[in-house]
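Subject: Handing over a structure, with notes

Dear colleague,

I am passing on a structure for you to look at, and my notes follow below it. Please keep the structure open beside the text as you read.

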Amino acid sequence: MTIAQELDSQQGICQDVIFPPGDLYSDEPPLETELHLRQIILLLTCLEWLWRDRNDFYAAGNLTIYYSPHQRKSEYFRGPDFFVVLGTERKTRKSWVVWQEDGKYPNVILEILSDSTANTDKGLKKEIYQDTFRTLDYFWFDPYTQEFAGFHLVDGEYQPLQPNEQGHLWSQQLGLYLGAYQGLLRFFTRDGQLVPTPEETAKQAEQKAERLAAKLRELNIDPDTI
């Protein structure tokens, strides 16, 4: 199905119903598998922890984006598995409604592939994100096969991103690499460091304290007295 056909199909649904300017609830179906859910939560957790001092972005997963030029919930909507909007207020939303968000579309979108969605993610959705959303960074990832690809918008068309030596792809918009780690997609800093979860950060701090205590004991210093 082409973009025009899909839009015509959506436009034919209750065209006469114009919703009020209040918040619109997300209308996304349940996630395909538990692994899909874990992947989305992991990305959200890591990015929000890394950017915990920032209030100029919005990140969400499996949330509907409404983008009707007629401001209708019944037409023109999509629900990426994970997306990030920059230069906006960090607050809870029921959905992302473009006409209520100063016309902003996501800067970054990630789709998690499955047998039932792969063709759409690689075809129709890719076209919509390129031609309508103008989303600068688009990625897809399959947690089962480890298929991973990314694209950056150049002169209105998606150009494939080339992996670095670790197989990671650079997101210009996030200023981070994305790459597989222990079977799931994770963020990495410019110098290749894994962006940790809060739990991993706490564990690293605990291990560092244990190493320091061991070193003090080697010097005949009781760390509990310091």
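A pocket, in these notes, is found on a 1 Å grid over the protein atoms alone: where a cavity is a set of points at which a 1.4 Å probe fits but cannot get out, a pocket is an open set with protein on both sides within 12 Å along at least five of seven lines, and its lining residues have an atom within 4 Å of a point. Please bear in mind that this is a predicted model, in which local features need pLDDT of at least 70 and side-chain atom pairs count only at pLDDT 80 or more, while totals for chains, interfaces and linings use all residues. Residues are numbered from 1 along each chain as its sequence is written, and side-chain values use heavy atoms, with hydrogens and water left out.

The second largest pocket has a volume of about 170 Å³, a volume being the space filled by probe spheres set on grid points that are joined across faces, edges and corners. Its lining includes Leu44, Glu48, Tyr58, Arg90 and Arg93. The elements that give two or more residues to this lining are H2 and S1, and the largest share, five residues, comes from S1. Helices (H or I, at least four residues) and strands (E, at least two) are DSSP runs, numbered from the N terminus.

Next come the sheets. Six strands form an open sheet with mixed pairing in the order S1-S4-S6-S7-S8-S9, where two strands pair if DSSP finds at least two bridges between them. Its edge strands, each pairing on one side only, are S1 and strand S9 (157-160), and the twist averages 15 degrees from one strand to the next. Within this sheet S4 and S6 run antiparallel and are joined by three bridges, and phenylalanine 83 stands opposite isoleucine 109 in S6. H2 lies across S1, S4, S6 and S7, at about 165 degrees to S1; axes are lines fitted to C-alpha atoms, for helices over the stretch in contact (heavy atoms within 4.5 Å), and angles run from 0 to 180 degrees between N-to-C directions.

Another open sheet has three strands in the order S10-S11-S12, with antiparallel pairing, and its edge strands are strand S10 (169-171) and S12. Here the twist averages 35 degrees from one strand to the next. H2 packs on this sheet as well, touching S11 and S12, and its direction makes about 10 degrees with that of S12.

Which residues have the most contacts inside the largest nonpolar core? They are Leu47, Trp51, Phe82, Val84, Leu110, Leu174 and Phe187, in a core of 25 residues. A nonpolar core is a set of buried Ala, Val, Leu, Ile, Met, Phe, Trp, Tyr and Cys residues joined through side-chain atoms within 4.5 Å, and buried means under 20% relative accessible area, exposed over 50%, and partly exposed in between (1.4 Å probe, protein chains only). The largest share of this core, six residues, comes from H2. Leucine 47 touches Ala59, Phe82, Val84, Leu176 and Phe187, not counting residues up to four places away in sequence.

Finally, threonine 135 lies in the loop between helix H4 (124-133) and S7. Is this threonine 135 buried or exposed? Threonine 135 is buried, because its relative accessible area is 0%.

With best wishes
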